[in-house]
Amino acid sequence: MSVAVAIRIPDEPSARAAVEVTDLLQRAGHTAYWAGGCVRDLLLGRMPLDFDIATDAVPDRIETLFPRVEWTGKSFGVCRVLHAGFAFEVATFRTDLSYVDGRRPERVTFTDAPTDAQRRDFTINALFYDPRAGRLFDYVRGRADLADRVVRAVGDPAARFREDHLRILRALRFAARLEFAIEPETRRALMEGAGQLTRISPE
């Protein structure tokens, strides 16, 4: 679902450049939104550390639209677009297929925004925002969890932690940094899955 939300966009060079990147994708006929942590932080009245952009433009198309692209995972549709002196992560909407190493999916398929939201870690990180239209896209009730100050896994929390064990630490980090509570089912799955952390790198 989408709703009109007047988020105050900081009058900062990085925010203006992020709007320009989103605009360029939209003018080329693509869906493009700010995604994840930057939307969460703006709704909380915080200045985002960075602006991530999600789009239906596939990797080869992104390369044709931006002169400076650094691929961090082309098969996953993830790159850094260099624009106006800033680097923005631009990712194609995707759904993740099987995970085998407890960190990254083996393969992905490109998809749309509602499906992309379902593969994200926590509801407060699965929000999309169109900065020009002033519309918030919330497919997982993330805005309600922000209002309630809750960290909640998207979907089945045990499945989310099995897919990517690092999400266990991310849940704790978000709860501590934002001073949010961890939703009970998410907390239970976190505690039961804590032993999986031995499978990720110490870094």
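Helix H7, one of the DSSP runs of at least four residues (H or I) that count as helices, whereas strands (E) need at least two, all numbered from the N terminus, has 13 residues and reaches 18 Å from its first C-alpha to its last, close to the 18 Å expected at 1.5 Å a residue, where the expected span is 1.5 Å times one less than the number of residues. The model is predicted, with local features needing pLDDT of at least 70, side-chain atom pairs counting only at pLDDT 80 or more, and totals for chains, interfaces and linings using all residues. Residues are numbered from 1 along each chain as its sequence is written, and side-chain values use heavy atoms, without hydrogens and water.

The buried residues of H7 (under 20% relative accessible area, with exposed over 50% and partly exposed in between, for a 1.4 Å probe and protein chains only) are Arg167, Ile168, Ala171, Phe174, Ala175 and Leu178. Because they cover an arc of only 130° around the axis, they lie on the same side of H7, the arc being that of the directions from the helix axis to the C-beta atoms. Just after H7, Glu179 takes a positive phi of about 60°.

| Element | Residues |
|---|---|
| strand E11 | 150–151 |
| strand E12 | 181–182 |
| helix H8 | 184–192 |

H6 is another of these packing partners, and Arg160 has its place in this helix (residues 157–163). Arg160 is buried, with a relative accessible area of 12%, and its contacts (heavy atoms within 4.5 Å), leaving aside neighbours within four places in sequence, include Arg167, Gln118 and Asp121.
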